[in-house]
Amino acid sequence: MSPRAAVAIVSERLRAERRAVAFACAGAAIAGYVQSHAFTFAAPMFFCSTIGIALALLQGPGRHPYLDTSERSAPLFGRELARAKALAPAMSATLVTLVYWGAQSASGSAMPPTHFILALACVLASTLVALNATILSGAARDATIVLAALTIVVAFALATSGERAGAAAELIFCALSGFFALRQYGESLARYDPL
Amino acid sequence: MLSMHILRMRDAAYARRGETIVAPTSLDLGPGDRLTHVAANAREARGLAMLAAGLARATAGSVSIGEYDPRVQPAHCKRIAAFVAHDPLPLSQIDTAHYIAYRAALWDIDPDDARVRAQALLERLAPMHEAFAFPIAAALVPSPHLLVLDRPQAAFVPQILAAAAGCAVLVVRAEERG
């Protein structure tokens, strides 16, 4: 896949979902500003990850049929398409987390940069896991969404289980979850049947 | 090097959970051939068009596009076949120039070449509404060997065939609407 094709897929997906991303950023700004000072770490992790899951679910087929048809007709392999398609919700979720952090800073209760990195890792991992649900249906779809929610819970539990070891465990867990989720998404897209 | 057949379907069918969506179909298309296939309904027409363009995989029988099997080499098939969906381009969501540039990027075609080729194609498709003409022009810009049209507007089929000169064309129509 050429870089141009990847940029075209990401930019078109972001453009198509710009309103949803704007609403998500506005929600993150409000939540980040008014959040309780007692939850400067838990709140962004759970809130931004939930937004990430929602943004991932918007990538499913049917919302923008002309994009689905163009991407499906293009001479691209499933893995290539998966990487490009995953970038759009990942970028949106990163933006939402940054906005949340900015709003926290404005209210004088920003989490430290290390916590931001841990929260962002969790947001990206859960977003990538949720992306798999977009091409599934029925119980498999529901189970994947539950799995994405569990990713947040496990990441939070690991991050709060200890100082450095907990943080390292959380980052490793999120990296592995994200990697395998993206790989699975590529496999599923390659096998995906639009009929 | 392409074989004598651009598209060959042998009892190609598609079924899901025991329900037949595309009944077994056999057809052959050589370079430059034009063929209209009438499906029983809109759902079957869409399914058959997708099978013929390599976008979906037959659950029974075989499909070959050029020398390639869509089940094994889908990306190769998509370099040969172009698919045009029944639905028009939603002009409220994407502007036409942007759409051509987007499609050119997906096929890794020079954007200036794509624009010039699209313009020439659109002139041939002139009487058609932009929402229907642009998807056809965009499909023809990469110079495919096979154009598969899912239920095109009957009145404009002659213009489409003229615009797709030298390209095999499969028109899939539906016997009944819905």
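**Figure 1. Contacts and overall build of chain B.** Among contacts in chain B between residues at least 6 apart in sequence, 64% link residues at least 24 apart; two residues are in contact if their C-beta atoms, placed from the backbone, lie within 7 Å. Everything shown here belongs to a predicted model, where local features need pLDDT of at least 70, side-chain atom pairs count only at pLDDT 80 or more, and totals for chains, interfaces and linings use all residues. Residues are numbered from 1 along each chain as its sequence is written, while chains are lettered from A and ligands numbered from 1 in the order in which they are written. Chain B has 6 helices and 7 strands. Helices (H or I, at least four residues) and strands (E, at least two) are DSSP runs, numbered from the N terminus. Along the principal axes, the C-alpha atoms of chain B fill a box of roughly 45 × 40 × 25 Å. Of the 178 residues of chain B, 44% count as buried. A residue is buried if 20 or more other C-beta atoms lie within 10 Å of its own, exposed if 12 or fewer, and partly exposed in between, with C-beta atoms placed from the backbone.

**Figure 2. Strand S1 of chain B and its two partners.** Two strands pair if DSSP finds at least two bridges between them. Strand S1 (residues 7–16) of chain B runs antiparallel to strand S2 (residues 19–29) of chain B, and 7 bridges join them. Look for Arg8(B), which stands opposite Asp28(B) in S2(B). S1(B) and S2(B) form a hairpin with 2 residues between them, and Arg17(B) in the turn has a positive phi of about 50 degrees. S1(B) also pairs in the antiparallel sense with strand S4 (residues 60–65) of chain B, over 5 bridges. Here Leu7(B) stands opposite Ile65(B) in S4(B).

**Figure 3. The parallel sheet of chain B.** In chain B, 4 strands form an open sheet in the order S3-S7-S6-S5, with parallel pairing. Strand S3 (34–39) and strand S5 (81–84) of chain B are the edge strands, each pairing on one side only. Neighbouring strands of this sheet are turned by 15 degrees against each other on average, direction ignored. Within the sheet, strand S6 (residues 146–150) and strand S7 (residues 168–174) of chain B pair over 5 bridges, and Val171(B) in S7(B) is the bridge partner of Leu149(B). Helix H5 (residues 130–140) of chain B lies across S5 and S6 of chain B, running at about 170 degrees to S5(B). Axes are lines fitted to C-alpha atoms, for helices over the stretch in contact, and angles run from 0 to 180 degrees between N-to-C directions.

Figure 4. Asp11(B) lies in strand S1 of chain B and has a positive phi of about 50 degrees although it is not a glycine. Asp11(B) is exposed, with 12 other C-beta atoms within 10 Å. Asp108(B) sits in the loop between helix H3 (96–106) and helix H4 (111–124) of chain B. Phi of Asp108(B) is near 55 degrees, a positive value in a residue other than glycine. With 16 other C-beta atoms within 10 Å, Asp108(B) is partly exposed.

**Figure 5. Where chain A meets chain B.** Here 20 residues of chain A are in contact with 25 residues of chain B. On the side of chain A that touches chain B, helix H1 (3–16) and helix H4 (65–73) of chain A each supply at least two residues. H4(A) gives the most to this side, with 6 residues.

**Figure 6. Val21(A) and its surroundings.** Val21(A) is found in helix H2 (residues 18–34) of chain A. With 22 C-beta neighbours inside 10 Å, Val21(A) counts as buried. Leaving aside its neighbours within four places in sequence, Val21(A) is in contact with Leu14(A), Leu55(A), Ser92(A) and Leu95(A).
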